Amino acid sequence: RRYSSAAAFSMAGALAACDGPQSALRTGGVDAAQLAQLFWVMLAGAVVLWLLVNGLFLYVTRIKTRSLSRKWAEALIIGGGIVFPTIVLGALLAYGLTMMPDQRAPGDGLRVRITGEQWWWRVEYWPEGAETPVISANELRLPAGLRSEIELTSAEVIHSFWVPGLGGKTDMFPGRPTRMSLEPTEPGSYRGQCAEFCGASHALMAMQAVVMEPAAFDAWLAKEAAPASLPEGPGRDLFFREGCGACHSLRGTEAAGAVGPDLTHLGGRSSLAAGILPMTSEALARWIFDPASIKPEAHMPAYSHLSDAELASLAGWLEQLQ
Ligand code: CUA
């Protein structure tokens, strides 16, 4: 009884992992679908191998060894232990290799450069023919039905870019760009996660990837490219008085820092602090008060000298930067 509940428990866990926003088996694009197919084929191959090898094992342990002729024993060892696994594993390898050209295909329009930072993502969009990028952070938006070229790099240590619902995983190295391409097909939201240990807050380096219909994507990109429009209010004065612009940029204003994430359209993102907090003024206030209490060793200093009222007005103002 204990065994059956343990089995049911692990089965439930395994099935739960098949769904959800960060599942490699809930696929939203051509690349991830191909990898999911590879997974199922390899799983089937592994099951066949397992059944055969264990079947042979049971067979030889249940017959009297003396009644097994030498020839038959050799055939079992060579056939079951060497020939059969070689054929199955060789076939699986060949099948996997046929997918390589598709997985490495070049993009056909939009280029996106993503830079891993401790512990967030700098995201730059280069539409075809663009001279300068549209700068954003911590969220990747892609048009459905088009193959986008993704250039990956890092500012300091090795990170790894992985949105399981959209495609495979690619490491990001400082000083040595890597690339991949993604062709999402299903509009929706997919969770990504840094997949290479990169310091204290590696586990808190996530992102949302949002796949949009091409027309909606173009409209979003045009909006994202526009300079900041700053609402009036005490939050605005606090932003400039506290020197936030030394690290953060509000395009079109004197705030032109490039150390931290670009905040020009911060309020338009679905999450805060690289996918770990909701985009609300409460979460923003908590973050500004003491970032390292939320994300250990975060490079942004604490603004714990601000009063609750000041934090609320600064956070409320930032949330309006759409
Ligand atoms: Cu970045 Cu782990």
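Residues are numbered from 1 along each chain as its sequence is written. Because the model is predicted, local features need pLDDT of at least 70 and side-chain atom pairs count only at pLDDT 80 or more, whereas totals for chains, interfaces and linings use all residues.

**View 1. Packing of helices α2 and α3**. Helix α2 spans residues 30-62 and helix α3 spans residues 70-97; helices (H or I, at least four residues) and strands (E, at least two) are DSSP runs, numbered from the N terminus. The two helices pack at an angle of about 180°, and their axes are 10 Å apart. Axes are lines fitted to C-alpha atoms, for helices over the stretch in contact, with angles running from 0 to 180 degrees between N-to-C directions. The pair is therefore roughly antiparallel, a term applied to angles over 145 degrees. On the α2 side the meeting residues include L38, V41, M42 and G45, and on the α3 side they include L76, G80, F84 and P85. Two residues are in contact if their C-beta atoms, placed from the backbone, lie within 7 Å. This contact comprises 15 nonpolar, three polar and no charged residues. Ala, Val, Leu, Ile, Met, Phe, Trp, Tyr, Cys and Pro count as nonpolar, Asp, Glu, Lys and Arg as charged, and the others, Gly among them, as polar.

**View 2. The largest nonpolar core**. A nonpolar core is a set of buried Ala, Val, Leu, Ile, Met, Phe, Trp, Tyr and Cys residues joined through C-beta atoms within 7 Å; buried denotes 20 or more other C-beta atoms within 10 Å of a residue's own, exposed 12 or fewer, and partly exposed in between, with C-beta atoms placed from the backbone. The largest such core has 52 residues, and I114, A209, A274 and L314 have the most contacts inside it. Helix α9 (residues 308-319) gives the most to this core, with five residues. Beyond its neighbours within four places in sequence, L314 is in contact with G235, L238, F239 and I288.

**View 3. The contact between domain 1 and domain 2**. Domain 1 covers 15-223 and domain 2 covers 234-319, bounds that come from an automatic or database domain assignment. Their centres, taken over C-alpha atoms, are separated by 34 Å. In the contact, 18 residues of domain 1 meet 13 residues of domain 2.

**View 4. The surroundings of R236**. R236 lies in helix α6 (residues 234-241). R236 is partly exposed, with 18 other C-beta atoms within 10 Å. Leaving aside neighbours within four places in sequence, R236 contacts L230, P231 and W317.

Conventions
Parallel < 35°, antiparallel > 145°, perpendicular 65-115°, else oblique.
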